[in-house]
Every structure is written in C-alpha cells, then in structure tokens.
Amino acid sequence: MIFDDIFGGQPKDKFFDIVYNANRNIVENELEILFSELVALRELAESSGITQAQIDSFKALNPDAMESGLNDIYIDITGKILTQNE
C-alpha cells in the first residue's frame, strides 16, 4: 500500500499517533467537522427511509468497501491535521 511506503504504517495507526500528539484545537475542529457530516448523513438516510438494519447489513456485506472508506477517512483527517499543525 502506498500509505505504508510514505507514512510507515496503517492509516488507522498513523491517525491515532497524530491525534494523540497534534494540537488539541485542530483535532477538535476536524472531529467536529466529521461529526457534523455524520449527523447530516444520518438525517438524510432517515429521511430517505434507510434503516439502521440496512446500514448494519451493508457494513456486514461490504467489508472491503468499509475498510477502504475508513482508510480514506483516516488518511484525509490525518492530512488535514498535519497540514494545520505545522
């Protein structure tokens, strides 16, 4: 994986290394943005009739997509925190 070559580890591990050592205000801001997006997506899912059971089923039936999506989020937030933390 390219991330391993550049950053020396898995996206999740590097994310937590950065979160634990970065400026607290920057981390709080990035998490607030992520949680706001989560709330919006939950509201959109609910208004579209998507149930929690459907979400749970999707997660169980699509482990590769879930892992890829999580890695994308870890990489994105790590990059944003590092950029602001300089």
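This is a predicted model: local features need pLDDT of at least 70, side-chain atom pairs count only at pLDDT 80 or more; totals for chains, interfaces and linings use all residues.
**Exercise 1. Find which residues of H2 are buried, and work out how they sit around the helix axis.**

Start with the list: Pro11, Phe15, Ile18 and Val19 are the buried residues of H2. Buried here means under 20% relative accessible area, exposed over 50%, and partly exposed in between (1.4 Å probe, protein chains only). Helices are DSSP runs of H or I with at least four residues, strands are E runs of at least two, and both are numbered from the N terminus.

Next, look down the axis of H2: the buried residues fall within an arc of 100 degrees, so they line one face of the helix. The arc is taken over the directions from the helix axis to the C-beta atoms. An α-helix has 3.6 residues a turn, so residues three or four places apart point the same way.

Finally, check the face turned away from the buried side: there you get the exposed residues Tyr20 and Asn21.

Residues are numbered from 1 along each chain as its sequence is written, and side-chain values use heavy atoms, with hydrogens and water left out.

**Exercise 2. Classify the ring pairs that phenylalanine 16 makes with phenylalanine 15 and tyrosine 74.**

The cut-offs come first: rings of Phe, Tyr and Trp (its six-membered ring) pair if their centres lie within 6.5 Å; planes under 30 degrees apart are stacked, over 60 edge-to-face, and the rest tilted. The whole structure has four aromatic pairs.

For phenylalanine 15 and phenylalanine 16, the centres are 5.0 Å apart and the planes at 80 degrees, so call it edge-to-face. For phenylalanine 16 and tyrosine 74, the numbers are 6.3 Å and 55 degrees, so that pair is tilted. This second pair links distant parts of the chain, with phenylalanine 16 in helix H2 and tyrosine 74 in helix H5, 58 residues apart.
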